[in-house]
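This report describes a two-chain model, chain by chain and then across the interface. Please read it alongside the sequence and the coordinates.

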Amino acid sequence: MSKGYYKYLLVISFLLVACFLLAGFRQQQLRPQPEGLASVVDRGPFSAVAQEKRELPRHSPAESDRANLIVQLCDGQTSLEIPGVRPGEVLPPEKARDVARQMMVKYLEEQAKQASKWTKQDRLIWEREQQRKIEEGYRLFHDWKALGGTIGISCDMCHPDAADTHPETYPKFQPQLKDVAALREMINWCIENPMKGKPLSCDDRKMIALEAYITSQRKGVVLDPGKH
Amino acid sequence: MWPLKWKQREQKYRQARAGFFEAVKLLDRRSFLRVAGRAATIASAKAIVPPHSFQLVDVLGGGLREKPAFRFAYLADTHLYERTLNERFVRAAMRAVKDINALKPPPDFVLVGGDLAQFGQPKELELGKQILSELKAPVKMVAGEHDWYLDLGEKWQELFGPPNYSFHNKGVQFIGLMSVNEKDFWTERKMTPMERMNTVAQLDSPLQSRFEVGEAGREWLRQALATVPNDTPIVLMTHALLYKYYRPWNFWTEDADLVQEMLFPYRSVTVLHAHTHQMLTHRVKNIHFHGMLATSWPWPYAPEGLPKLTVKMDRVDPFDELDGLGVGTMDVYGSGYANKHYYLWRRDPITVAKAYLESWGKEAIPPAPEFPSY
């Protein structure tokens, strides 16, 4: 072996070590930091909390009417029936390669048909995140301590199922506030007055959660801002 | 200039109002139209308040020509916290006591419609007893779910006696009935007493069971009714409403049909219930149902199931902590049916007359609010 070969090996191993170190550092940064109650509301979809609740995707088993073997692709949707082969039989390598090729062709055809970049996975994330926010809002709505109340009064006591909050009528003029007010200003009024707590900032994640819950209870109701 | 104008209008209204009540005192059938005219004037002078307040329903349907046999008063749903945590509802309860003590003529007795406490705490119940001891008239209690589900009624019964009882007053049979029993939802979920209490205290909780009188309660009622002749008027006092209004909020009595069936043979039955924190009117055959006002906070009307005979109370002002609240009286007549008076603290009094229910809502219609609820 010539001397030059060792030189290259040294450079490559140095680069490898550097890569590992860098990856480790990134990992450290991504790890969730210890947080207070306020930031619990704010955790992203891939946090430890979200992952605990997340159900793993399941493929619905494809069945053949003619008792043939059905092979499914890992996307859980593309499947191929292999005529003359019974479930449990082992395919010869050549045949197996052919089946795999056919399935990839089918998969790519399906992909080409799709006009949108958004996948089912995206929709699931949106729905799940929305639901998570609504649930957080429900919890705050029913828990005076979590919302910073000081005299034992929670939102649901006057507004069961968020009744009589009519988010669809905001913004509207509130004579008592002497201005056209947003729902969040009324929420803050309730926190400050009947609940004797401290108002939230308008972009506080708790406020967003409360709005998510309150509006979810009036889903489908026609928007009618200004209605009294 | 706006405040001045407003003051003038307010002054004009107050003068007109005083004149109106003077006239009502002297009212006979002939002078009715004249007074009705004045009522309209006041309503327009008032301008800022819905004009319904001055319709002459009290006089027309109230049966002033017929003298009531007697009167009793009520207060309900005080939801007292310990003083160290929250004094707001304590102040409201004391106001209710003061109002009732000032009634002339004084009531024969005062019904306290349950939910005296908020979380069933012994200190809350004791505070309630202390406040009620200020009432001059004798007190009759019924238990609410907020009084009951911390220790399943132990402290409440120690302070106020058995939750089911019956007594006779001037020809009318009164029955206090425990109506907030629930099937056990806590044992299986391994709830602590406080968790059980909090679950029941949450109106929109899907975890709790629905209210019922229950088999034992119905059996007690059967025995209590056994000695009451069919032509004796009955007034039933409960916390839950003994009919089915809106299940998700437990404005509901699961075995209401069975209880009502036991009451059908009687000439006249009136059920007076609390729990719903709103003006509520209903009739099933011979049974008239009336809701009681709360002194703590009002509840919105449920999204569905409202009894057809109910004329809703006016939309509540969230900026006024006493709005939508108050006390009330029942003027009981010889037939056993009663005129129900709602003394709202921030509105003019409203009467739901027996004539209104007897005519299935055709006569003596109570005033409807100008702004319906959402």
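Among contacts in chain A between residues at least 6 apart in sequence, what percentage join residues at least 24 apart? In this predicted model, the share for chain A is 52%, and in chain B, where contacts are again taken between residues at least 6 apart in sequence, 71% join residues at least 24 apart.

## Composition of chain A

Chain A has eight helices and four strands, and these elements follow one another along the sequence in the pattern α-α-α-β-β-α-α-α-β-β-α-α. Of the 228 residues in chain A, 17% are buried.

The domain assignment divides chain A into domain 1, covering 69-113, and domain 2, covering 131-216. When the centres of these two domains of chain A are taken over C-alpha atoms, they are separated by 54 Å.

## The E1-E2 hairpin of chain A

Strand E1 (residues 69-72) of chain A pairs with strand E2 (residues 79-82) of chain A in the antiparallel sense, and the pairing runs over four bridges. Six residues lie between E1(A) and E2(A), which together form a hairpin, and Gly76(A), located in the turn, has a positive phi of about 80 degrees.

## Helix packing in chain A

Helix H5 (residues 120-141) of chain A packs with helix H8 (residues 205-216) of chain A at an angle of about 100 degrees, and their axes are 7 Å apart. Because angles of 65 to 115 degrees count as roughly perpendicular, H5(A) is described as roughly perpendicular to H8(A).

On the H5(A) side, the contact is made by Gln130(A), Lys133(A), Ile134(A), Glu136(A), Gly137(A), Tyr138(A), Leu140(A) and Phe141(A), while H8(A) contributes Lys206(A), Ile208(A), Ala209(A), Leu210(A), Ala212(A), Tyr213(A), Ile214(A) and Ser216(A). By class, the residues of the contact of H5(A) with H8(A) comprise ten nonpolar, three polar and three charged.

## Composition of chain B

Eleven helices and 14 strands make up the secondary structure of chain B. Of its 374 residues, 44% count as buried.

## The sheet containing E1 of chain B

In chain B, six strands in the order E3-E2-E1-E12-E13-E14 form an open sheet with mixed pairing. Strand E3 (139-141) and strand E14 (350-352) of chain B are the edge strands, each of which pairs on one side only, and from one strand to the next the twist averages 25 degrees.

Strand E1 (residues 70-75) of chain B pairs with strand E12 (residues 326-332) of chain B in the antiparallel sense over five bridges, whereas E1(B) and strand E2 (residues 110-112) of chain B pair in the parallel sense over three bridges. Tyr74(B) takes part in both pairings, having Gly328(B) as its bridge partner in E12(B) and Leu111(B) as its bridge partner in E2(B). Further along the sheet, strand E13 (residues 338-344) of chain B pairs with E14(B) in the antiparallel sense over three bridges, and there Lys340(B) has Val352(B) as its bridge partner in E14(B).

## The sheet containing E5 of chain B

Another open sheet of six strands in chain B has the order E4-E5-E6-E9-E11-E10, and its pairing is mixed. Its edge strands, each pairing on one side only, are strand E4 (165-169) and strand E10 (281-284) of chain B, and here the twist averages 20 degrees from one strand to the next. Strand E5 (residues 172-176) of chain B and strand E6 (residues 234-238) of chain B are paired in the parallel sense over four bridges, with Ile175(B) opposite Leu236(B) in E6(B).

## Helix packing in chain B

Helix H9 (residues 214-226) of chain B and helix H10 (residues 256-263) of chain B have axes 11 Å apart and pack at an angle of about 5 degrees. Since angles under 35 degrees count as roughly parallel, H9(B) is taken as roughly parallel to H10(B).

From H9(B), Arg218(B), Leu221(B), Arg222(B) and Leu225(B) meet Leu258(B), Val259(B) and Met262(B) of H10(B). This contact of H9(B) with H10(B) has five nonpolar and two charged residues, with no polar ones.

## The interface between the chains

Across the interface, 13 residues of chain A are in contact with 14 residues of chain B. The side of chain A that touches chain B has five nonpolar, five polar and three charged residues.

Key: Residues are numbered from 1 along each chain as its sequence is written. Chains are lettered from A and ligands numbered from 1 in the order in which they are written. This is a predicted model: local features need pLDDT of at least 70, side-chain atom pairs count only at pLDDT 80 or more; totals for chains, interfaces and linings use all residues. Two residues are in contact if their C-beta atoms, placed from the backbone, lie within 7 Å. Ala, Val, Leu, Ile, Met, Phe, Trp, Tyr, Cys and Pro count as nonpolar, Asp, Glu, Lys and Arg as charged, and the others, Gly among them, as polar. Axes are lines fitted to C-alpha atoms, for helices over the stretch in contact, and angles run from 0 to 180 degrees between N-to-C directions. Helices (H or I, at least four residues) and strands (E, at least two) are DSSP runs, numbered from the N terminus. Angles under 35 degrees count as roughly parallel, over 145 as roughly antiparallel, 65 to 115 as roughly perpendicular and the rest as oblique. Two strands pair if DSSP finds at least two bridges between them. Domain bounds come from an automatic or database domain assignment. A residue is buried if 20 or more other C-beta atoms lie within 10 Å of its own, exposed if 12 or fewer, and partly exposed in between; C-beta atoms are placed from the backbone.
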